Amino acid sequence: MKILVCISCVPDTTSKIAIDPSTSQISSQGLTFIVGPYDDYALSRAIELKESNGAEVIVLHVGGSESEALIRKCLALGADSAVRVDGNPTTSAQIANAIVSYVKQNPMDLILMGKESIDYNSGIVHGLVAGALGYTHFNPVMHLDVAGDGLKLEVEMDGGKMEVSCPLPAVLGCQEPIAEWKIPSMRGIMTARTKEIVVLPLESIGQIQIVKADIAETARKNKMIKAEDAEQLIDLLRTETNVL
């Protein structure tokens, strides 16, 4: 089985996000980047499948050379090889197109990625990839096992979850508790240094540029009202919020 794990490189969850007024993009100054947390779950499960089923795990990222340290971390965790599609995509469609172009030339049995990135949270890349390739698609997947020639999944749905069986090939968006995050070992770190990261050009599908992004700064003014002061709450709703 060949498993492709698509990762995003996103600002650390503790980062303070600012917009660069000259580009209307997120300013990278002072930011620490990490592999998307949901992508980490996908990678961890792929490595578990490698250990239990002898799968081959390939990591793919669409982005610039600054992301190679994070790709190298994925190799240290246990991925067999890595591909970086070089470019600065501005839309989910461009990222999906890059993944589809690679898979058409390098067929995969299973494509895993996080249910969404934590920077733009579009949550549509896996659906776009599955649609373009004609693969089975589920999201968000909470449990994944190989069953014969297919998969056995547990998928979150409104009001609960469902258990499904599906054929391969498939594209899955992953979330906890599909696997436990892994920490690279010293041996893994040393081995990762010798693994090649293949760099491919980004296939252009019509570059979309953000002309301007206006970010409204809203100061929240919270007021605590005691339960016995219901009349004060009603008065505030009338005078300050115009709700009543």
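How far apart are the mean positions of the positive and negative charges of the protein chain?

1. Charge and basis of the model. The 21 positive and 31 negative charges of the protein chain have mean positions 3 Å apart, where Lys and Arg count as positive, Asp and Glu as negative, and His and the chain ends are left out; each charge is placed at NZ of Lys, CZ of Arg, CG of Asp or CD of Glu. The model is a predicted one, in which local features need pLDDT of at least 70 and side-chain atom pairs count only at pLDDT 80 or more, while totals for chains, interfaces and linings use all residues. Residues are numbered from 1 along each chain as its sequence is written, and side-chain values use heavy atoms, with hydrogens and water left out.

2. Overall architecture. The protein chain holds six helices and 13 strands, taken as DSSP runs numbered from the N terminus (helices H or I, at least four residues; strands E, at least two). Its C-alpha trace spans about 65 × 45 × 40 Å along the principal axes. Of the 244 residues, 39% count as buried, a term that means under 20% relative accessible area, with exposed meaning over 50% and partly exposed in between (1.4 Å probe, protein chains only). Among contacts (heavy atoms within 4.5 Å) between residues at least 6 apart in sequence, 69% join residues at least 24 apart.

3. Helix H4. In this helix, residues 125–133, the buried positions are Val125, His126, Val129, Ala130 and Leu133. These residues lie on the same side of H4, because they cover an arc of only 130° around the axis, the arc being that of the directions from the helix axis to the C-beta atoms. An α-helix has 3.6 residues a turn, so residues three or four places apart point the same way. The buried residues of H4 pack against helix H3 (92–105) and against strands E8 (110–114), E9 (136–147) and E12 (170–174). Just after H4, Gly134 adopts a positive phi of about 75°.

4. The aromatic pair. Rings of Phe, Tyr and Trp (its six-membered ring) pair if their centres lie within 6.5 Å, with planes under 30 degrees apart counted as stacked, over 60 as edge-to-face and the rest as tilted; the count by this rule is one aromatic pair. The pair is tilted, because the rings of Tyr41 and Trp181 have their planes at 40°, with centres 5.2 Å apart. Tyr41 belongs to helix H1 (residues 37–53) and Trp181 to the loop between E12 and helix H5 (186–192), so that the pair links distant parts of the chain, 140 residues apart. Tyr41 is buried, with a relative accessible area of 15%, whereas Trp181 is partly exposed at 48%.

5. Tyr38. This residue also lies in helix H1 and is buried, with a relative accessible area of 17%. Leaving aside neighbours within four places in sequence, Tyr38 is in contact with Gly114, Lys115, Glu116, Ile118, Cys174, Gln175 and Glu176. The C-alpha atoms of Tyr38 and Ser27, 11 residues apart along the chain, are separated by 23 Å.
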